[in-house]
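Please open the model in a viewer and keep the selection panel at hand.

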Amino acid sequence: MNSARRLALANFWVAFAAFGIAAVLGVWQMWARSPWQAPLHTPSNYFLSVTAHGVSMAYVLSTFFIMGFGYVVAETALKRPVPGIRWGWIAFWMATAGVLIADLAIFSGNASVLYTFYPPMTASVWFYIGLVLVVAGSWIWCVQMLVAMAQWKRANPGQPVPLAMFATVANAVLWLWTTVGVAAELLFQIIPMALGLVETIDVGLSRTLFSWTLHAIVYFWLIPAYIAFYTMAPQAAGGRLFSDTMGRLSFVLFLIYSLPVGLHHLFMDPEHAAGFKFLQSFLTILVTVPTLLTVFTISASMEIAGRMRGGKGWFGWIRALPWERPMVLATGLSFFMLWFGGGGGLINMSYGMNAMVHNTSWVTAHFHLIYGGTVVLMYFAIAYEVWPALTGRRFASNKPLRQQLWWWTIGMMVMTLPWHYLGLEGQWRRVAQFDYSDPHIAEWGPWVLVSLAGGVLLLLSALRFIVNLLSLHWRAPGEAPPPLEFARPAHEVTQVPAVLNGFSLWNLLVLILMAAAYGFPIGHALVERAPAAIVHRMGG
Amino acid sequence: MAARTEQDVVRIETRWALAMCGVVLVILAAILYASLRIHVNPPSNVELIDPKTLHLSDEFTEANLGTRVGPDGAIVARIVATQFEFVPRCVVLPAGRRVTLRFASPDVIHGILVSGTNVNTMVVPGYVSQVHTEFQKTGDLLMPCHEYCGLGHSQMLATVRVVPADRFKPDADGRVSCEQR
Amino acid sequence: MVDRVHISDEERALAEALREAPRGALALAGAAVGLLLLAWFLIFFFVFLPRGTVT
């Protein structure tokens, strides 16, 4: 694992540096919202912080981690150098420059529009340019992944693409489709607005284009965690993947069903009517299926491992698993959080039921738990798994790794469970300061403090994670770590159907589904131009 | 059971997949029931309005805001959401009767929920947001702006005062306001 | 056709495991999904519907 090693590490460190800073901001935000006095507490600082926290966690941690992991998978699974390393470095520097430019805009107070943008509020154009650079860099990564798989297939005709790479490329394809929405919104609406070329904007259209990206992006974030479930957890547990075919099927189902569902973020919006809201609700129900398939397939894979270690009966295999291994522990903890986070998501997507939770703290709790919990916990586990190969060092002990994973899980549950409850009690979102003198709001105070405690534990865990990784860089070289290996299926796979070895059919289905789900909502907005709103500049 | 061969695996996985399709269909059925029988639906009224001339419109001009019972008996509360207040800050509505809330914004995106109810909608400049409902419980309900609308967002709150139907007394013009009590 | 003499311990353990699997997974995943459905319906009936009709 040589040529892409430094490139992977570079991407990972940008991801984790942004993560560390965002974790500090997150705790400050929770403090500011609580009955306890926080320092530097002004609405201006609060919304600056929320913007920085959101951009760092949602756009930087995720994108850079995924790029780094993709390079590792491409080289390890395909056993050949990653194509276009020089392009990879161009992508990295372009994306990193983008992060710095956007951060400068944010921290100078000129971009407090949150990571979801909210036109007609308009930030400094540099905020948007910075994010465009991040996305453009990631597109280069996508091309590298596609080329890597194509080259491998040419060199290995008729062979099944290793599952980890197949899923990585599915994710790259997904990302290319996903970014179309926000790219269109930025290119045709927001950047002209930020540059002062136009003074009004069609907000309904802008929200609709953004929704295209907003749901699919969470699957872009999620797929690497699922790659770990399918290809790393069974290996770490000493077992086998129950079904390689189901793995491929799950990833292509994510590809086709995570895109035409964005309108479920707009259930409460006035620019669309029941028909398309319901259609996209129905499609969202379908995107739950690959997760429901995954929980069974991965449980079965872990069951094989447990039984191979002597576990017996209906549940004895669970105790028999090697829980001292971080990847195994993380999988169990992640699945635990998936029950709550996925369950919350089921409620959010249930059409009329969305009214019960929209824009309350329930939503904030949900995405912190499912992304921050289920997904990011697996990012930690993946990092722990690949760091020895990347640094050439072994961890002295797995104990600090396990403790960090436990702190993260406990912190996330303690932070988000009261938040879910408060959301149902009517606590709403994006509030810089609550008026605790109001008796109704005062009742929430104790629960907000509980959440804050969870947040503090998360920050400690975040710092511990970074220290754990640094510890490998600082160690003297010793015994070489074992090479990274992906899980084998329970029954050898010599051949897979072409549709589960490539993406032509799935790209076509995406096109058809997107035309059906978004054709009218977007087309209608372009034809029946809604009266535009006046630009509100948030900064210079 | 047993997964001795790949065919076994495929068979078991297929059965599980069918079971999961069944699970999601059950949820879909419940959603349809809530929508069609209990009548809980997301807002579905698509109506355009120019945010730049809201104050000049017939409907959302300041004198026409608040609760009014129309000649046809329809009870409608009209509220403008703007940076950083609701106009009016308080509306009165009767319990146990079908009422309509209509919102518009002259500036940026806002949103509302009425605490303890399923009344929830975004308010997007360019569109009128409309929700029909029937309040069951009386009392002063909190209606915050729940979408980030700028630095003053945290202070943007209104009250929906739900009164028993017999205490809902419109004046000659059909209007009811919080100040009357 | 595998020569019995050369089956490793690992392969034997795998074959054993595959005789029992995936009943454990069915139990675990089945229980998890069942509980999820129950939780969804509890919230549907006891929190959501009582909050009233909106159209």
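Angles over 145 degrees between N-to-C directions count as roughly antiparallel. This cut-off is needed at the first stop in this predicted model.

Select helix H9 (274-308) of chain A together with helix H16 (residues 504-527) of chain A. Their axes lie 10 Å apart, and the packing angle is about 150°; H9(A) and H16(A) are therefore roughly antiparallel to each other. The crossing of the two helices is left-handed. Next, display the side chains at this contact: H9(A) contributes Phe276(A), Leu279(A), Gln280(A) and Leu283(A), while H16(A) contributes Ala517(A), Phe520(A) and Pro521(A). Colouring these residues by class gives six nonpolar, one polar and no charged.

Now bring chain B into view and select the contact between the chains, to which chain A gives 59 residues and chain B gives 55 residues. Which elements of chain A give two or more residues to the side that touches chain B? They are helix H2 (43-78), helix H6 (203-231), helix H8 (244-257), H9(A) and strand E3 (533-534). H9(A) supplies the largest share of that side, with ten residues. By class, the side of chain A that touches chain B comprises 34 nonpolar, 18 polar and seven charged residues.

Definitions and conventions. Residues numbered from 1 in each chain as written. Chains lettered and ligands numbered in written order. Predicted model: local features only at pLDDT ≥ 70, side-chain atom pairs only at ≥ 80, totals over all residues. Contact = placed C-beta atoms within 7 Å. Helix = DSSP H or I, 4+ residues; strand = E, 2+ residues; numbered from the N terminus. Nonpolar A, V, L, I, M, F, W, Y, C, P; charged D, E, K, R; others polar. Axes fitted to C-alpha atoms, helices over the stretch in contact; angles between N-to-C directions. Parallel < 35°, antiparallel > 145°, perpendicular 65-115°, else oblique. Left-handed = near helix turned anticlockwise from the far one by under 90°.
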